[in-house]
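Dear colleague,

I am passing on to you the structure shown below, and after it you will find an account of what came out of going through it. Please read the account with the structure open beside you.

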Amino acid sequence: MTDRLLDRYDALLLDLDGTVYRGGAAIPGAAPAVLAARDHGVAVRFVTNNASRAPDEVAAHLTGIGITADPGEVSTSAQAGAAVLGEHLDPDDEVLVIGSDALADEVVKAGFRVARVAGPNTKAVLQGLSPKTAWPDLAEACVAIRAGALWVACNVDRTLPTERGLLPGNGSLVHALRVATDREPLVAGKPAKPLMAESVRSANADRPLVVGDRLDTDIEGAVTAKLDSLLVLTGVATPRDLLEAGPHERPTYVAEDLTVLTGPAPEFTDKPGWTVEKTDVQLTAEGDGDHLDLLRALCAAHWDGDGGPVTVRPDTRGAAIALSLLGLSGPR
């Protein structure tokens, strides 16, 4: 019997935007893949760096686009941030919350008191993205942090993808406080460990697979947590990003989308029909076949070093077509 990717794992830790959906629509193949995982006895967790929405809101959004989800299957950086606070504070300590009401609710659930203005009893600052965050909020955080309060950032994503393009993310506002306080926060979300650890614990998993579309959060987070990962090419990362990735951002597998979960495990050594020759400055591809198999072959050849920029040249017509499909043809 063919070894299916799902057969290797007992849980899927799925990123959301760019992996499961884009904006208000499910990515084709995502809903059947999630259903197949559940039918196979594989736990599903939707893992998001977004700290502005509560798990029930996330679950309702997923269900509304055809991917049935329960709030208990959602793991957010807000939950992870509250868990980090629990490692450092005493019950009923005061926490200054910079972010949404959903983030404040997680702080209350963790047993702490919420403040919106810095005071002498403020023991920590928890910072997550909210479109309502303004200068006065950052000023309160600055006062508390400079006074010695613990600082926890739900995530440090520099940008937020929207229908209008990339907008400032929580990481951009975190950077403003870095400059203003000369301090560094503890980070809860991907690629840091707390959110991954919370997701694994929630799923009661021994062999989880992290699935995402970003190298710098999803995949780096998996590498940091020493978990296997699958990069899907439905979102941010491109084939060139993957090929040139350093060791800290390299997934276990790469595929076009989530439909690969019910198929054979796409090892990077699987490259039927392709030959890749490597020099110090160039990869030369020869052969014919599936373009993603060529990408896996290129990665296998290039990743025996530290990665980084490389020129890829076709030596056959089939290779030229495949490189074009991958966006790897032409000058670097």
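Because 5 of the 5 residues of S13 (residues 208-212) are buried, the strand is largely enclosed by the rest of the structure. Strands (E, at least two residues) and helices (H or I, at least four) are DSSP runs numbered from the N terminus.

Please keep in mind that this is a predicted model, in which local features need pLDDT of at least 70 and side-chain atom pairs count only at pLDDT 80 or more, while totals for chains, interfaces and linings use all residues. Residues are numbered from 1 along each chain as its sequence is written, and side-chain values use heavy atoms, with hydrogens and water left out.

S13 pairs with strand S1 (residues 11-14) in the parallel sense over 4 bridges, two strands being paired if DSSP finds at least two bridges between them, and in this pairing Leu12 stands opposite Leu209. S13 is also joined by 4 bridges to strand S14 (residues 228-232), again in parallel, with Val210 opposite Ser229. From S13 the chain crosses through helix H8 (residues 215-224) to S14 in a right-handed β-α-β crossover, which is to say that, with the strands pointing away from the viewer, the path from the first strand over the helix to the second runs clockwise.

**Two residues to look at**

Asp15 is located in the loop between S1 and strand S2 (21-22), and with a relative accessible area of 10% it is buried. Its side chain makes a polar contact of 3.0 Å with that of Thr19; a polar contact is a pair of N or O atoms within 3.5 Å, and within protein one must be able to donate a hydrogen and the other to accept it, while residues adjacent in sequence count only if both atoms are side-chain atoms. Not counting residues up to four places away in sequence, Asp15 touches Val20, Val47, Lys190, Val211, Gly212, Asp213 and Asp218, contact meaning heavy atoms within 4.5 Å.

Thr224 belongs to helix H8 and, at 30% relative accessibility, counts as partly exposed.

**Strand S9**

Leu150 and Val152 point one way from strand S9 (residues 150-153), Trp151 and Ala153 point the other way, and all are buried. Strand S8 (residues 122-127) pairs with S9 in the parallel sense over 4 bridges, with Leu126 opposite Val152, and S8, helix H5 (residues 135-146) and S9 make a right-handed β-α-β unit. S9 is joined in parallel by 2 bridges to strand S12 (residues 186-187), where Val152 stands opposite Leu186.

**The chain as a whole**

The protein chain has 11 helices and 18 strands. Of its 332 residues, 51% count as buried, and its C-alpha trace spans about 70 × 45 × 35 Å along the principal axes.

With best regards

Terms used:
Buried < 20%, exposed > 50% of the residue type's maximum accessible area, 1.4 Å probe, protein only.
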